[in-house]
Amino acid sequence: MPEALLDPLGLGFFVRALLGVTLVSVLCALVGVWVVLRGLSYIGDAMSHAVLPGIVGAFLLHINLLFGAVVAAVFTALGIGYVSSRSGLKQDSAIGIVFVGMFALGVTLLSRAPTYTSDLANFLVGNPLGVTQADLWGALAVTGVVAFTLWAVQKELLLVSFDPTEARVVGLPVRRLNNLLLILVGMVVVLTVQLVGTTLSVSLLITSAASARLFAPNLRRMVIVAAILGSVCGVVGLYLSYFLNTAAGPTIVLVNTAAFLIALVLKGKRE
Amino acid sequence: MIETDHLSVSYGAQVALQDASARFVPGQFSAVIGPNGAGKSTLLKTILGLVTASSGRVNVSADLGDLRKSSAYVPQQQTLDWAFPVTVWDVAMMGRTARLGWLRWPGRADRDIVLDSLEQTEVEGLKDRPVQALSGGQRQRVLLARMLARRAEVLLLDEPLTGVDAATQEKIMRLLQEQARAGRTVVMVTHDLEAAARWCDQLLLINRTVVAQGTPEQVYTPANIECTFSSSHLGHTHAHA
């Protein structure tokens, strides 16, 4: 059995996939914890669709797809904040308007694309086995930026999340901090989209953080548990897909979902 | 000194506060008393600038400086998400967040202040507990510890006696009284008339507008109480001390 596990490690694309999944799981834990605690899962889902025009636009302009996606994510994050504060609409309506509009823009641009290449297809439906060396460096850079940002504003973000009124009383820029969080969500979603595609990406962002939420007494432990759990599920999912010959992205998502259900049952038994 | 000068506040068509004039003086423990929907919380929030007045103004004397820097606010307990994964220590340390400023981390002095605050509210033994596991009275004392950790000159509390037992209530009132004796401006919103009359130096009776302000002896009269807690507010007597 150990040899069977070592077997796929001879394949470059499999090793890159393992590294990519682990890196993104850590990244998802860092941001997913805030997404779960702040009830922003819907925004994560919206964001994964809204990055499409950035990806297609970058593809048409022959620039880095990841860069295009990040630009679209930031634009969407700020757009949602702008629409909800200017219109007086509830945030869910603002999200709906912005994300469907962005997605439609992406599909419209896509219809102008001369060829529907595998490169682009990978980005749309996700494929961990298609992760390149450059993608890994990109993911590492994004993880570094996100981790540093969260570390730098952690105490402010904690106050804004636990007690937004007190945050306003002491004069913290509550809206800007919220926008910053949305931008970070956007950056993370860009990478999860690359691995598992638009429709499944929110799973990586929130599932392991939600599992960790069931047990962790404080924020730090919640992040650590989520990172470990997400990485383990990612690795297990990748191996399963290799041996069972199933699509890698959805298999990883299923393992994450299964882990959450087990955690839920365990918690029920404990109480 | 904090003074509200003919303050009116509306939420859309709903008038929350009308022509409310009151003053809160350093060294005094004041209570803002009135029924639900009387505008008690609105008064605190307007003083803090969380709500904008439609007319009138809030005057703050120069010694208090910027009220946001010099005040600590204790919100109604039930407005917070107690399922949030933070410990008692974490919450008390939030009192230092604004004092520290951006990109600065709590040091020895901050930890000493937080520990001292937790000791004053008698929850230092719970410091590593998640707040989720606390009782209502314990949660309130944690919020008071956070307030103390801010080391503020103005203390504004919204219903700090809700959900606490009699023994805890006494401890809380004693603590707030001590804070006032130390020269701070302490203002507490409550609907517990008896506790307020027993412990506070000043009572402000409101029901949309100010019914009366003064010492308990001055304003704790059947007519004022009737006027404050009846649905219509006919009287408008000022009894400034």
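Biologist: Contact means heavy atoms within 4.5 Å. With that in hand, what share of the chain A contacts with a separation of 6 or more comes from residues 24 or more positions apart?

Modeller: Those residues account for 74% of them. Bear in mind that this is a predicted model, where local features need pLDDT of at least 70 and side-chain atom pairs count only at pLDDT 80 or more, while totals for chains, interfaces and linings use all residues. Residues are numbered from 1 along each chain as its sequence is written, chains are lettered from A and ligands numbered from 1 in the order in which they are written, and side-chain values use heavy atoms, leaving out hydrogens and water.

Biologist: Fine. How many helices and strands in chain A?

Modeller: Chain A has 14 helices and zero strands. Helices (H or I, at least four residues) and strands (E, at least two) are DSSP runs, numbered from the N terminus.

Biologist: And what radius of gyration does chain A have?

Modeller: Chain A has 19 Å. A compact globule of 271 residues would have a value near 18 Å, so chain A agrees with that. The radius is taken over C-alpha atoms, and the globule rule is 2.2 Å times the number of residues to the power 0.38. The C-alpha atoms of chain A fill a box of roughly 60 × 55 × 30 Å along the principal axes.

Biologist: How much of chain A is buried?

Modeller: Buried residues make up 54% of its 271 residues. Buried means under 20% relative accessible area, exposed means over 50%, and partly exposed lies in between (1.4 Å probe, protein chains only).

Biologist: Give me an example. Is A:V51 buried or exposed?

Modeller: A:V51 counts as buried, because its relative accessibility is 1%. A:V51 sits in the loop between α3 (41-50) and α4 (52-60) of chain A.

Biologist: What does A:V51 touch?

Modeller: Leaving aside residues up to four places away in sequence, A:V51 touches A:A69, A:A72, A:A73, A:V190 and A:V193. A:F75 is 24 residues from A:V51 along the chain, and their C-alpha atoms are separated by 9.1 Å.

Biologist: Switching to A:G101. Where is that?

Modeller: A:G101 is in helix α6 (residues 91-110) of chain A. A:G101 is partly exposed, with a relative accessible area of 40%.

Biologist: Helix packing next. At what angle do α12 and α13 of chain A pack?

Modeller: Helix α12 (residues 201-213) and helix α13 (residues 219-244) of chain A pack at about 130°, with axes 8 Å apart. That makes α12(A) oblique to α13(A). Their crossing is right-handed.

Biologist: What are the rules behind those words?

Modeller: Axes are lines fitted to C-alpha atoms, for helices over the stretch in contact, and angles run from 0 to 180 degrees between N-to-C directions. Angles under 35 degrees count as roughly parallel, over 145 as roughly antiparallel, 65 to 115 as roughly perpendicular and the rest as oblique. A crossing is left-handed if the near helix is turned anticlockwise from the far one by less than a right angle, and right-handed if clockwise.

Biologist: Which residues meet there?

Modeller: From α12(A), A:S208, A:A209, A:S211, A:A212 and A:R213. They meet A:M222, A:V225, A:A226, A:L229 and A:G230 in α13(A). The residues of this contact of α12(A) with α13(A) divide into six nonpolar, three polar and one charged. Ala, Val, Leu, Ile, Met, Phe, Trp, Tyr, Cys and Pro count as nonpolar, Asp, Glu, Lys and Arg as charged, and the others, Gly among them, as polar.

Biologist: Now chain B. What is its secondary structure?

Modeller: Chain B has nine helices and nine strands. Its radius of gyration is 18 Å, close to the 18 Å that the globule rule gives for 241 residues, so chain B is as compact as a globular protein of that length. Buried residues make up 53% of chain B.

Biologist: How do α5 and α6 of chain B cross?

Modeller: The axes of α5(B) and helix α6 (residues 166-181) of chain B come within 11 Å and cross at roughly 10°. The two are therefore roughly parallel to each other. The residues of their contact divide into six nonpolar, four polar and one charged.

Biologist: Last one. What is phi for B:L103?

Modeller: Phi is about 55°, positive although B:L103 is not a glycine. B:L103 lies in the loop between α3 (88-100) and α4 (108-120) of chain B. At 53% relative accessibility, B:L103 counts as exposed.
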